[in-house]
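I opened a notebook page for this structure. Below is what I looked up, in the order I went.

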Amino acid sequence: MRRARALLQFLPWLQKLGKILKTMSMLVLVATVHQTLCRSSCTHTSGHMRSNVVTTDIVTAYTDLFQRVVLNDIYEPGEFKTDGRDWKPEDKMLTMIGRRRLDNIELIVRAVVRGRIPGHFIETGVWRGGASFYAAAILRSLGELGTRRIFMCDSFSGIPEANSPGQRRGMDTEAHLLKTEVDVSEDLVISSGRSLGLPVGNETDAVIRTVLGFFNTSLDALTAEESQMQFSVLRLDGDTYFSTMESLEALYDRLSVGGYVIVDDYIDWHTCREAVEDFRAKNNITDPRIIVEHGESEVVRGIYWRKIKNPCELFDDANSVLTLIERDTSSHFKWPNNMDFVLEYPLYRCLAAR
């Protein structure tokens with residue numbers, strides 16, 4: 001009986017050890033697939049890893065597995081991870097945005113690569129890094145990681161407190177009290193990325209680079225390092241009015257024509273939405289806002305738009321004959337103030353034939 005009681009005392013620790021071993025085996029599995037991918041096609045140029053496009057089966061296996069890993073969906077699955085409607089502090093997932101918004105990242109990254117839109121991927125507000133890691137995995141599978149870099153910008157200490165009266169807007173007033181900084185630090189994010197076989201670091205020349213600091217200073221400092229720095233994808237996930245506005249003001253002029261802006265909090269964070277609308281009105285931006293595609297019963301979050309008025313003008317060259325196809329846009333989503341968003345992705349598709 002005493003032995004049984006003694007063993008029961010160790011049971012919680014054994015359960016924790018089991019979870020740790022499961023997580024380690026999952027990371028080893030991803031690294032193994034990554035090595036297989038690289039053995040098939042990777043070469044090293046100027047210290048950066050570059051790869052040619054490999055077989056569809058390997059790429060699909062790699063990206064599908066990678067998505068499940070950043071969601072921690074292999075050992076702790078949950079229906080809420082489809083649309084990212086919730087998160088649990090004890091869950092070791094690296095992103096809380098869910099499958100739908102990860103799929104949206106993949107679609108947009110593939111679109112800029114296919115369309116030869118120049119520039120890097122930047123995310124402002126990365127939490128544990130999973131969304132940027134997934135973008136890096138997609139770029140790697142397309143042979144573009146190294147040519148295109150990933151910038152992961154965050155305070156890694158939560159949302160700053162609204163200190164001035166001008167910053168105290170609605171739900172932003174208590175945003176700094178949100179405890180989403182659980183298990184988050186720059187070192188931990190770098191370590192997580194490296195455990196997945198990704199070249200993550202805070203060095204200025206890192207292929208996947210963390211940028212530490214609040215956006216009102218860190219983003220201008222980043223773009224000041226390189227006068228010709230361009231981005232093909234801006235992904236904003238800073239929640240509040242000023243975090244969103246500061247990201248747009250610092251980065252939008254660096255977004256290539258044909259590139260995409262993704263705003264994660266537009267629908268469920270009204271001050272974020274106000275910042276986007278203020279910025280668009282100030283800069284006469286009329287490109288259509290499109291909602292990230294979701295299922296009928298899911299919690300809809302996230303919008304994006306493309307920085308271009310004619311969806312096909314970048315593809316119009318002497319060597320291509322273009323066909324513009326407009327997809328069905330009859331399904332719409334209504335939000336307060338009668339704002340109307342198209343649910344289809346993409347709104348337009350360009351087919352180029354030699």
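I started with Arg-116, which counts as exposed because its relative accessibility is 59%. My terms: buried means under 20% relative accessible area, exposed over 50%, partly exposed in between, with a 1.4 Å probe and protein chains only. The model is predicted, so local features need pLDDT of at least 70, side-chain atom pairs count only at pLDDT 80 or more, and totals for chains, interfaces and linings use all residues. Residues are numbered from 1 along each chain as its sequence is written, and side-chain values use heavy atoms, with hydrogens and water left out.

**Two positive phi angles.** Arg-116 is not a glycine, yet its phi is positive, about 55 degrees. I found Arg-116 in the loop between helix H3 (98-114) and strand E3. Helices (H or I, at least four residues) and strands (E, at least two) are DSSP runs, numbered from the N terminus. Asn-284 also has a positive phi of about 55 degrees and is not a glycine. Asn-284 sits in the loop between helix H8 (270-282) and strand E9 (290-291). With 63% relative accessibility, Asn-284 counts as exposed.

**A buried arginine.** Next I looked up Arg-128, in the loop between strand E3 (120-124) and helix H4 (130-141). Arg-128 counts as buried, because its relative accessibility is 5%. What does the side chain of Arg-128 reach? I found the backbone oxygen of Asp-91, at 2.8 Å. The backbone oxygen of Met-93 is 2.9 Å from a polar atom of the Arg-128 side chain.

**Strand E4.** I then turned to E4 (150-154). Five of the five residues of E4 are buried, so the rest of the structure largely encloses this strand. In a regular strand the side chains alternate between the two faces of the sheet. In E4, Ile-150, Met-152 and Asp-154 are buried on one side, and Phe-151 and Cys-153 on the other. E3 and E4 run parallel, joined by four bridges; two strands pair if DSSP finds at least two bridges between them. Ile-122 has Phe-151 of E4 as its bridge partner. E4 also pairs with E6 in the parallel sense, over five bridges. There, Asp-154 has Leu-212 of E6 as its bridge partner.

**Helix H6.** Last, I checked H6 (residues 215-224), where the buried residues are Phe-215, Ser-218, Leu-219, Leu-222 and Thr-223. They lie on the same side of H6, because they cover an arc of only 125 degrees around the axis, taken from the directions from the helix axis to the C-beta atoms.

Terms used:
A polar contact is a pair of N or O atoms within 3.5 Å; within protein, one must be able to donate a hydrogen and the other to accept it, and residues adjacent in sequence count only if both atoms are side-chain atoms. Contact means heavy atoms within 4.5 Å.
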